[in-house]
Amino acid sequence: MNQIIPWQEMGEAVKPYYPAPKGAGRRPVGIERMLRIQFLQHWFELSDPGVEEALYDSRAMRQFVGIDLGKEPVPDESTILQFRHLMERHNLGDELFRLVNVYLAENGMAINRGTIVDATIISAPSSKKNKAKARDPDMHQVRKGNQWYFGMKTHIGVDSKTKLIHSIVVTPANCHDSQVLGDLLYREETRVWGDSGYAGQKEVIRETSPNAKDFTQKKAYRNRPLSEQDESANRYKSKVRARVEHIFGVMKRQFGYNKVRYRGLDKNAHSVFTKCALINLVIAKRPLMAALVGYLRLEFGKGRQCQSRDC
């Protein structure tokens, strides 16, 4: 990840909002170093004090961030908190997500002609044992099957070929998947894939992406079961639609993002946008590394050829 993340572009996006050193006081921690610390928080689902403690405990994390304890201490949790608030205040999570997608497109991983839409619930604490004696007002509960969930919902639009996320919407958990379908399309699709929760949305698809065909799965009703032909078509569609589950697997299993960490929808939405930028880099890791290795081999070959000619 250290080699494939576009550190320079990300640092330039944060720089206009980052405090400049003034006077003879302590210099602010470097932007890239703070970004690295924040990314560690997302990869390992660490709190502000948790990542400070982890940096003292883990040599590998300190090497990634670039901290030598013999010369300087780890940034304290207050510094990490202030940097996160700066990112949230200026909506820089959205900007990082956009920069990563531009970077991937420049490296040959552009969006194709198909979009898979889906959503997942991220739980929030349902207990009222807190100072306000109340749940988070931005979160809501929803019934899924026979079980109730309380929290928010992350809706994503994913490229059907590369599995890269290109659209994100964050809502309370009680928002139905189909209500944000138009916001997940990028208006140039030729096919839209989704589960039966998006059934009956042909008009929305036609208005948003006029050239797109509806490949969402058909839904059975109590007195109107699916025919064998419809079930066969659903099985075919599921082979493509299931690719979006790989994204949620990275988010919830690899990154461990099963429960919101902050109070309020805006803060958690910022966290989701940053996580999705990092998920896209994880999905694109192999092609990016292959391109990097090919580039290094080419440069090494040029160097040896130049050396053999005494140039």
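A: Start with burial: buried means under 20% relative accessible area, exposed over 50%, and partly exposed in between, with a 1.4 Å probe and protein chains only. Helices (H or I, at least four residues) and strands (E, at least two) are DSSP runs numbered from the N terminus. The model is predicted: local features need pLDDT of at least 70, side-chain atom pairs count only at pLDDT 80 or more, and totals for chains, interfaces and linings use all residues. Residues are numbered from 1 along each chain as its sequence is written, and side-chain values use heavy atoms, leaving out hydrogens and water.

Q: Which residues of helix 3 are buried?
A: In helix 3 (residues 48–57), they are Asp 48, Gly 50, Val 51, Glu 52, Ala 54 and Leu 55. These buried residues pack against helix 2 (31–44), helix 4 (59–65) and helix 5 (77–89).

Q: Why is strand 3 largely enclosed by the rest of the structure?
A: Because 10 of the 13 residues of strand 3 (residues 147–159) are buried.

Q: How many bridges join strand 3 to strand 4?
A: Two strands pair if DSSP finds at least two bridges between them. Strand 3 and strand 4 run antiparallel with seven bridges, and Gly 157 stands opposite Ser 167 in strand 4. Strand 1 (residues 114–123) also pairs with strand 3, antiparallel, over nine bridges.

Q: Where does Cys 175 lie, and which residues is it in contact with?
A: Contact means heavy atoms within 4.5 Å. Cys 175 sits in the loop between strand 4 (165–172) and helix 7 (181–184). Leaving aside neighbours within four places in sequence, Cys 175 contacts Lys 153, His 155 and Val 180. Cys 175 is buried, at 18% relative accessible area.
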